[in-house]
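Subject: Structure for you to look at

Hello,

Here is the structure I said I would pass on. Please open it first and keep it in view while you read my notes below.

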Amino acid sequence: MAPDDLRNQLEIRDLAARFTDAVNRRAPKEVAALFTEDGAWHVPGVPPAVGHEAVTGLLAGLLRNFSRLVQLTHSGHVDVAGETATATWYISEKGADSAGDTFEFTGVYVDRLVRTEQDGWRFAERSFGFLHRKGAGKERWYPHPNAVAD
């Protein structure tokens with residue numbers, strides 16, 4: 001791998017890690033700053049959040065539902081093509097609402113990224129998909145959003 005390729009890989013991996021860190025610290029404005037000015041965050045069940053203010057509002061609203069939340073980023077891969085990139089990350093979350101009811105899920109983020117002149121790599125689009133959910137006595141499995149058909 002060429003030095004520039006390695007640098008891009010590391011910067012994008014750091015961006016994904018910073019996203020998870022900011023979520024765990026309940027820092028919506030820090031999450032929003034990881035997106036481009038017109039970046040979009042797609043979360044199932046809610047309208048897409050486009051732009052820093054909308055991303056901040058979406059995460060703040062989601063966090064109000066949970067008194068406890070831990071997100072972990074697992075394996076992922078990055079494909080860089082010049083000033084743009086795509087990435088896929090697997091995550092898990094565990095949490096509890098204010099009543100103490102717990103949940104857990106595993107999912108996947110599919111990202112489109114761009115390298116900005118001022119801030120380096122940023123999310124242009126971040127789309128989350130559930131792979132497994134468990135909570136309130138229910139459990140459900142979901143197909144991968146990019147599953148290869150048989």
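Arg7 counts as partly exposed because its relative accessibility is 39%; buried means under 20% relative accessible area, exposed over 50%, and partly exposed in between, with a 1.4 Å probe and protein chains only. Its partner in a salt bridge is Asp4, with the closest N and O atoms 2.8 Å apart. A salt bridge here is a side-chain nitrogen of Lys or Arg within 4 Å of a carboxyl oxygen of Asp or Glu. Asp4 is also partly exposed, at 47% relative accessibility. Both Asp4 and Arg7 lie in helix α1, three residues apart, which is about one turn of the helix. Helices (H or I, at least four residues) and strands (E, at least two) are DSSP runs, numbered from the N terminus.

Before going on, note that this is a predicted model, in which local features need pLDDT of at least 70 and side-chain atom pairs count only at pLDDT 80 or more, while totals for chains, interfaces and linings use all residues. Residues are numbered from 1 along each chain as its sequence is written, and side-chain values use heavy atoms, with hydrogens and water left out.

Salt bridges

The whole structure has eight salt bridges. One of them joins Asp14 and Arg18, at 2.6 Å from N to O. These two residues are about one helical turn apart because they are four residues apart in helix α1. Asp14 is partly exposed at 35% relative accessibility, and Arg18 is partly exposed at 49%.

Another salt bridge is between Arg115 and Glu83, whose closest N and O atoms are 2.9 Å apart. This pair links distant parts of the chain: Arg115 is in strand β5 and Glu83 is in the loop between β3 and β4, 32 residues apart. Arg115 has a relative accessible area of 23%, so Arg115 counts as partly exposed. Glu83, at 47%, is partly exposed as well. Elsewhere, salt bridges with shared partners join Asp4, Arg7 and Glu11 into one network.

A buried arginine

Which charged side chain is nearest to Arg122, given that Arg122 is buried yet has no salt bridge? The nearest side chain of opposite charge is Asp119, 4.4 Å away; Lys and Arg count as positive, Asp and Glu as negative, and His and the chain ends are not counted. Arg122 lies in strand β6. A polar atom of the Arg122 side chain lies 3.0 Å from the backbone oxygen of Ala33.

Strands

Strand β1 (residues 35-42) pairs with β6 (residues 120-135) in the parallel sense, over four bridges. Two strands pair if DSSP finds at least two bridges between them. Phe35 stands opposite Phe123 in β6. β1 also runs antiparallel to β2 (residues 49-50), joined by two bridges, and Ala40 has Val50 in β2 as its bridge partner. β1 and β2 form a hairpin with six residues between them, and Gly45 in the turn has a positive phi of about 90°.

Core

The largest nonpolar core has 32 residues, and Trp41 is among those with the most contacts inside it. Such a core is a set of buried Ala, Val, Leu, Ile, Met, Phe, Trp, Tyr and Cys residues joined through side-chain atoms within 4.5 Å. Helix α1 supplies the largest share of this core, six residues. Beyond its neighbours within four places in sequence, Trp41 is in contact (heavy atoms within 4.5 Å) with residues including Phe19, Phe35, Leu58 and Tyr109.

Regards

Methods: Polar contact = N/O pair within 3.5 Å; in protein donor to acceptor, adjacent residues only side chain to side chain.
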